Amino acid sequence: MSAFQIKVVGQGLTLTSSYRAIIGAEFAEIDVVDCGSLAEAAAAEPAQRGLWLLEEEVLWPEPDKLLTELDKWPAQRVAVAYTDAKRAAALFAEVQRRHDVGRFSFLPMDVRLDCWVAILRLLTLGHGYIPADLVMSRPLPCKQTFAPRLSSLTPRESEILHLASEGKQNKVIAFDLGVSEHTVKLHMHHLIQKLGVRNRTEAVGRYLQTSNDSVHP
């Protein structure tokens with residue numbers, strides 16, 4: 001049994017034969033299985049760890065029905081490869097409504113190939129990925145609503161959020177502030193809760209949006 005397995009689910013409309021060849025070449029150490037449907041993916045031999053990589057067409061025209069179908073495998077990590085940003089944003093919003101963001105990732109097909117491979121590599125390492133434009137596509141609270149949430153942060157939490165908005169990783173923030181990476185993670189956890197967002201990406205996105213609003217009312 002393979003230690004890790006990618007099950008590519010779909011008919012090759014989004015993940016064409018060229019992309020599937022790239023996956024096979026770049027991830028030679030990983031077992032890659034082509035599946036035409038969710039049922040076929042479920043029936044295929046499982047791995048100790050794995051990722052179902054779904055083409056966006058698999059979920060349309062009835063995304064609610066397919067998301068409900070995916071509920072049969074609540075522990076299964078899923079990534080959706082997409083070309084239609086509006087569809088992806090709608091799907092992301094529905095996943096959030098279901099409080100199921102933790103196991104879903106989104107793989108954009110309109111990025112440079114090296115970036116695309118890097119994102120997929122990140123997914124195979126067990127990390128999630130949500131493009132910033134999907135997070136920013138959600139209706140954001142107006143600054144009158146969200147600004148008070150920002151003001152509720154401690155000076156240190158505000159400082160960490162600002163550094164994160166500059167694209168700095170936790171270990172870099174820790175180095176800049178002279179604290180441990182664990183401390184940074186703890187502050188990040190607290191500020192995410194205070195802001196009422198679901199993750200670091202959304203916290204940064206709303207922080208930047210509110211900052212832009214204050215500069216350009």
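This is a predicted model: local features need pLDDT of at least 70, side-chain atom pairs count only at pLDDT 80 or more; totals for chains, interfaces and linings use all residues.
Residues are numbered from 1 along each chain as its sequence is written, and side-chain values use heavy atoms, without hydrogens or water. Local features need pLDDT of at least 70 and side-chain atom pairs pLDDT 80 or more, whereas totals for chains, interfaces and linings use all residues.

After α10 comes Gly 196, whose phi is positive, near 70°.

Buried residues in α10 (under 20% relative accessible area, with exposed over 50% and partly exposed in between, for a 1.4 Å probe and protein chains only) are Val 184, Met 188, Leu 191, Ile 192 and Leu 195. Because they cover an arc of only 105° around the axis, they lie on the same side of α10; the arc is that of the directions from the helix axis to the C-beta atoms. The face turned away from this buried side carries the exposed residues His 182 and Gln 193. Lys 185, also in α10, counts as partly exposed because its relative accessibility is 46%.

Helix α9 (residues 170-177) packs against α10 (residues 181-195) at an angle of about 110°. The two are therefore roughly perpendicular, a term for angles of 65 to 115 degrees between N-to-C directions. In this contact (heavy atoms within 4.5 Å), Asn 170, Lys 171, Ile 173 and Ala 174 of α9 meet Glu 181, Val 184, Lys 185 and Met 188 of α10.

Technical notes
Axes are lines fitted to C-alpha atoms, for helices over the stretch in contact, and angles run from 0 to 180 degrees between N-to-C directions. Helices (H or I, at least four residues) and strands (E, at least two) are DSSP runs, numbered from the N terminus. Angles under 35 degrees count as roughly parallel, over 145 as roughly antiparallel, 65 to 115 as roughly perpendicular and the rest as oblique.
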